[in-house]
Amino acid sequence: MNAPLRLSGQAKDLGGGFTVRRLLPAVQRQAVGPFLFFDHFGPVTVEPDAGHDVRPHPHIGLATVTYLFSGAIMHRDSLGYVQQIEPGAINWMTAGRGIVHSERRPESLANQAYVNHGIQLWAALPMVHEEADPSFVHTPAAAIPQVQVGDATVRVLIGEAFGQTSPVATYSRTLYLDVQLPAGATLEIPALVPEMAVYTVDAPVQLNGDTVAPQLLAVVEPGRATHLAAGDSAVRLMVIGGDALDAPRHMWWNFVSSRKDRIVQAAADWDAQAMGQVPGEVEWIPLPERRFKA
């Protein structure tokens, strides 16, 4: 039986010395379920003078999914939502036909150092919903179901697993789990969705008998239960997946669409500052110099 596809990711500098590990998209695989973008950031100490703020920028055709292990991010968007993102909560922003948002240091942390650590995903919207109305939904940590499965602790961030159902609404069948295994513990995850992958956040794990090193995304065999076993140290794992994409997606900068011409239009709209503005913000990130070619 073949070992699972392992994606090691690439370091990406988002500016100001803020570097992330990007696992998706990859040469070997565009998506797992609806998820076609996977950034693991931190743990990084954010000093008072750090330039890690992400100025207003646009999205179309996707939903951003932000989850923190530690730290805080202040979300503001062109719909007028202002939300401090905190550990354990799920923040789902549907871009649809277009939204603009910023991600900044909260004012309450302006003069102190803190550690940011988390995951940001993009979920492609099904073709029939690519032009959905934009929206933002914050689901606090206390509303996320958590269950003990043997020695494992499982938070069902999105979807259904182990008798628990997340309150987070999605546009297609989607799975997102936060799993913590103590040293020596095991967990068997049924084939909950057609496509599934396991990300090792901080330590190696045995996956169906194969060792997966830290910070790798292992795509599991469809239709097969996944047996996880921690070694001599505790391990935190993220499980992602869902139904396969209904069609390949074109991705350029912050735009995702099944149609190339739609990305060209979105770029023109952003260049003309016709996609909306974040109230109270005057900065914005310009289009990359290297433009999308339809």
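A salt bridge here is a side-chain nitrogen of Lys or Arg within 4 Å of a carboxyl oxygen of Asp or Glu. This is a predicted model, where local features need pLDDT of at least 70, side-chain atom pairs count only at pLDDT 80 or more, and totals for chains, interfaces and linings use all residues. Residues are numbered from 1 along each chain as its sequence is written, and side-chain values use heavy atoms, with hydrogens and water left out.

**Exercise 1.** Find the side chain of opposite charge nearest to Arg 76 and say how far away it is.

*Solution.* Start by locating Arg 76: look in strand 7, residues 73-77 (strands are DSSP runs of E, at least two residues, and helices are runs of H or I, at least four, numbered from the N terminus). Next, check charges: Lys and Arg count as positive, Asp and Glu as negative, while His and the chain ends are not counted. Lastly, list some contacts (heavy atoms within 4.5 Å): beyond four places in sequence, Arg 76 meets Tyr 81, Val 100, Glu 107 and Glu 281, among others.

**Exercise 2.** Decide whether Glu 281 and Glu 221 are buried, partly exposed or exposed.

*Solution.* Take Glu 281, in the segment after helix 1 (260-271). Its relative accessibility is 15%, so Glu 281 counts as buried. Its side chain makes a polar contact of 2.7 Å with that of Arg 104 (a pair of N or O atoms within 3.5 Å; within protein, one must be able to donate a hydrogen and the other to accept it, and residues adjacent in sequence count only if both atoms are side-chain atoms). Now turn to Glu 221, in the loop between strand 22 (217-219) and strand 23 (226-230). Glu 221 counts as partly exposed because its relative accessibility is 41%.

**Exercise 3.** Which residues have the most contacts inside the largest nonpolar core?

*Solution.* First, the term: such a core is a set of buried Ala, Val, Leu, Ile, Met, Phe, Trp, Tyr and Cys residues joined through side-chain atoms within 4.5 Å. The largest one has 28 residues, and Phe 38, Tyr 176, Leu 217, Met 238 and Ile 240 have the most contacts inside it. Strand 6 (residues 62-70) supplies the largest share, four residues.

Conventions: Buried means under 20% relative accessible area, exposed over 50%, partly exposed in between (1.4 Å probe, protein chains only).
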